[in-house]
Amino acid sequence: MAEIRIFGIRHHGPGSARSLRAALDGFTPDCLLIEGPPEAEPLLPLAADPGMSPPVALLVYRPDRPRSCAFFPCAGFSPEWVALRHGLAAGIPVRFIDLPQAVRLADGFPPGPRPPEAAAADAAAEPAIERPDPAAAMRRDPLGELAQAAGHADGERWWDALVESRGGEAGDVFGAIAEAMTALREAEPEGAEPEDAAREAQMRAGIRRAARDGFARIAVVCGGWHVPALLRHDARGQAAADTAILKGLPKAKVAAAWAPWSYPRLAASSGYRAGVLSPEWYDTLWNHEGRVAARWLARAAALLRAADLDASPASVIEATRLAEALAGFRGRAQPALEDLDEAALATLCFADPAPMALIRRKLVIGERLGATLPRSAGTPVEVDFEAQCRRLRLKPGAEAGEITLDLRKETDLARSRFLNRLRLLDIPWGTPRHARGRGTFREAWALAWQPDWVVELVAASADGGTVAEAAAERVRAKARGATWMAELAALIGTLLDADLAAASGDVIRALDARAAVSADVFDLMEALPPLAELARYGSVRASDTAPVLALVRGLLPRAAAGLVAACQSLDDAAAAAAKTRIVAVSGAVALQEDPDLTSVSRDALRALADQEHVHGRVVGRAVRLLHEGGALTDAEASDHLRRALSRATGALAAAAWIEGFLEDSGTTLIHGRGLLALIDSWLCGLSQETFAELLPLVRRTFATLAPAERRVIGEALARPEGAGAGDGLPGATFDAARAERVLPILRLLLGPEPAAWEKTSEATA
Amino acid sequence: MSPTDTSATARLRLAAEEAFAEEIAALCAADDRPRPPNWRMSPQAVVTYLMGGSLPSGAAISPKYIGDRRLMEIAVATLATDRALLLLGVPGTAKSWVSEHLAAAICGTSRLTVQGTAGTSEEAIRYGWNYALLLAKGPSRDAVVASPVMRAMERGQIARVEELTRIPSETQDSFITILSEKTLPIPELNDEVPARKGFNLIATANNRDRGVNELSSALKRRFNTVVLPPPDTIEAEIAIVESRVAALGRAFEIPAQPPGADEIRRVVTIFRELREGVTADGKAKVKQPSGTLSTAEAISVVGNGLALAAHFGDGRLAVRDLVSGIGGAVVKDPVQDAIVWREYLETVVKERPDWSDFYRAAREIG
């Protein structure tokens, strides 16, 4: 008959891990059964490799739907990890006996009336299932609950005290835990949790199978909560009952992989429900048996000194004394985290909470990031990701940092593309620090890696074999789902940044197709400026922008054709929006310096300027754009102005017109004298009554200009030569020979790409 | 009672060790834990004295500090490890009160006190001279006039320094030798006064005007710092006001009925809302006046109201008796604070149906 011992542990408890290590050394089992997903068994030998550095997590996911997944994090101080390493070192079989994730991740599990999203969320949070009732708290951290009942704030400390005070044979502790859990679970109704019932049935079956396989000394490591249920493994009739529970459970296909994990993710504050409050503190407890207080406080002082705060060794001594006094005071053999925390606050930080936040982040929660073996990466996208990271010398790390890329350099350009592709895969590893400024070759990124993005990498495998393919496919899917052309235009921008030429072709075709059938001129106009910007400046990143330019050439005439019709019957807010779009598109057209496009745009504006019943704000702006662009002479513009502000128009419409005509015109009025002269001569030509009538309207519009602008305009008008003294600087003529001289410098600034600057210089010349 | 009566009953205010002599005696008698040298009771008993509790003998210990027990544990543990204690807090958070009771419980006297002011000199901290004796007999120990700190060192007791940051920086420096060497040199006599075991120092400082004479880092390093926060919850604050008002009523022999819980709740609510700048339900913002509006001021407002009710009213605390006191506590700056108070009355008080009596009274007076 096999000897079977069941060790109830506390997940991620260093005290638990320590007594488990001692117990396993004493028991020398020939088979080790651990509460864990059996699908991960083929991966277990990797845990013995020195290249695996906890915290790491076992990831079990559905390849057909990688977002349905479960993580099983392990820190160096997690009892499961300690048991696993013990088993691998001793060369004995290690089996994971929990209910397969194939079942737990399957649709329709657990059986019973539970909303599907709750089931999905729970699956990720092994082993805790959170409910806001006391029974749930009990299940989550039964030892913690017992500790609180005994008047201890910290279950881990209570556990340590329990272990230490008992001394002697560690097995006694596990017996005591079994007893305590039995008492806690007595009140629980049978089958209250169908998922737990199935898991415990499966674990009992696993124990019986190990016994049948002829092992003589079987150690079972499971959460303390399950101990009473597992003790019944050989009860009469239990085997049949378990078979009945496990019969007919749904199943899905799953895959498993190791993934690096981090202490912040292990912390309960990160939302991980089986998490612990203080991973780094537990790490210290696990790695250093004695003198923990002095070590921890010395590290705190070093941390403060690194942050340029005073923390002398003398203060560390005093803090240690205070911590030990507080511990003695509270009846503890050695200081707990709360004692150290309070001692550090009173002595090292002079009761200032700000440095304490630093200590809590670095020394209570910690920032340690685990590492897995490169070959343990499972899916093709993960493999590609790791290869790219190596090639581009980017290292996923918890430490946030900032990099500046020079896009003229091959590697930096590749890095920028890689980060952009990852963003398309919902992995915002890098966040661009500045708004897109294509005039510059520098691009700054803030990097901060989150270990659970591994899930996104796995999920990306559904869309393609490499990061690039998956990103392209994601964009195609988004393009298919996009309802607005503006969305599609933004997608094209990201595609060029990520250098996904194939997908950008698809998106451009989608955009073109949508433009052909779309009746919404304003949507079209909103898509135009970003596209025009891309077409003009995209070559900076060595992307091929010819298709984008073609697209702009196709879209603008469509927008121009529908403009007048779209501008009918606008209310004030819609008119303001329409005006903004018209201005943006005009700017975009000016950027292209393409005579065809310019004439298309001019014709449309001219048609708009002649409209009688369109909102004044739009018409007024159209007239000004035409005047600024040289399409209307001063006299013509003046005619428009007079007509729009004649007495028959009505004050409201006139006010809107003059607002459209003059808003945001401060700089133009100051530097381009034409407009100012126009207004000036118009005002001076008004009859006295009309002037009195119109004055409030003009004042109202001028009031929107900045005071400094108003002052400069007033000064210009007050000068003897008056407002109409001519355009620009007197005698300013363009000297091509002198202008040529700056070109070498411009070439340096703008980069070696000849097309980009030569186009500019031709236009300038 | 004759005018020269100096017995305890005639004194305006009793020191902590006199007012709570019975509790201290009971605690000492019941205490079987180890005591640090020269302490009258164990650290645990000191915490019990401060936080209240009951003894096996049945004697009840009244709570002196209503708030976080952990803070008192840190304070007592600090003193037990012969580190000096610095209590920080905004005015009216019971810093001096805690300091007095700590000293009373630990060494039986809270009177070895230096009141820190801008004019506090080194003599007040170290020692002065009896000049008549000095001239007559020359320098000798007899001619030395000991400061409270020096006496505490000689006897192994707790010295208290009130308002440490109001003392000029160069005078503050005198504490550095005392705290690090635990001795007070008298270079004129080539002598020194070594501190006996049990000597320690409790300083209080106001961290609202911390910058008056900010402690040097050398001095700061010699203190463990504990910040006493304003009361966490309205219930805690009401409990503080109730207990202190009752005690004051006894001390001043005010022949009024104890105030109703509702009135105290109202005063405390107003104080908390103005102090925190937000109404109790968290729904509306309130302008904050320039004063601190501490719990201590709330106590004095209620006490003042009681006195008004007793001597000029019918002995029952009425709304009118409170209103003028509250207005006076809030309006410290006659222009800005008056606006704040008026706005509070109109936007918050007026909207509360069961506060209409208060609103009317405030309108009449204001």
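What percentage of the 765 residues of chain A count as buried?

1. The answer is 44% of chain A, where buried requires 20 or more other C-beta atoms within 10 Å of a residue's own, exposed means 12 or fewer, partly exposed lies in between, and C-beta atoms are placed from the backbone. The model is predicted, with local features needing pLDDT of at least 70 and side-chain atom pairs counting only at pLDDT 80 or more, while totals for chains, interfaces and linings use all residues. Residues are numbered from 1 along each chain as its sequence is written, and chains are lettered from A and ligands numbered from 1 in the order in which they are written.

2. Chain A holds 37 helices and 10 strands, these being DSSP runs numbered from the N terminus (H or I, at least four residues, for helices; E, at least two, for strands). Of its contacts with a separation of 6 or more, 74% come from residues 24 or more positions apart, a contact being two residues whose C-beta atoms, placed from the backbone, lie within 7 Å.

3. The largest nonpolar core has 295 residues, a core being a set of buried Ala, Val, Leu, Ile, Met, Phe, Trp, Tyr and Cys residues joined through C-beta atoms within 7 Å. The members that touch the most others are A:Leu59, A:Val220, A:Ile492, A:Leu528 and A:Leu531, and helix 24 (residues 521–537) of chain A gives the most to this core, with 10 residues. Beyond its neighbours within four places in sequence, A:Leu528 is in contact with A:Val552, A:Leu555, A:Leu556, A:Ala559, A:Val585 and A:Ala588.

4. Helix 26 (residues 572–592) and helix 27 (residues 595–609) of chain A have axes that come within 8 Å and cross at roughly 155°, with axes fitted as lines to C-alpha atoms over the stretch in contact and angles running from 0 to 180 degrees between N-to-C directions. Helix 26 and helix 27 of chain A are therefore roughly antiparallel (over 145 degrees; under 35 is roughly parallel, 65 to 115 roughly perpendicular, and the rest oblique). In this pair A:Ser586, A:Val589 and A:Gln592 meet A:Leu597, A:Thr598 and A:Ser601, which by class gives 2 nonpolar, 4 polar and no charged residues; Ala, Val, Leu, Ile, Met, Phe, Trp, Tyr, Cys and Pro count as nonpolar, Asp, Glu, Lys and Arg as charged, and the others, Gly among them, as polar.

5. In chain B, the axes of helix 3 and helix 5 (residues 95–107) come within 10 Å and cross at roughly 140°, and that makes helix 3 of chain B oblique to helix 5 of chain B. Here B:Val46, B:Tyr49 and B:Leu50 of helix 3 meet B:His101, B:Leu102, B:Ala105 and B:Ile106 of helix 5, a contact with 6 nonpolar, 1 polar and no charged residues.

6. B:Leu164 lies in the loop between strand 7 (158–162) and helix 9 (169–172) of chain B, and counts as buried because it has 24 C-beta neighbours inside 10 Å. Not counting residues up to four places away in sequence, B:Leu164 touches B:Gly116, B:Gln172, B:Ala203, B:Thr204 and B:Ala205.

7. The contact of the two chains takes 15 residues from chain A and 18 from chain B. On the side of chain B that touches chain A, two or more residues come from each of helix 3 (43–51), helix 4 (69–80), helix 11 (217–220) and strand 11 (223–227), with the largest share, 6 residues, from helix 4 of chain B. The residues on that side of chain B divide into 7 nonpolar, 6 polar and 5 charged.
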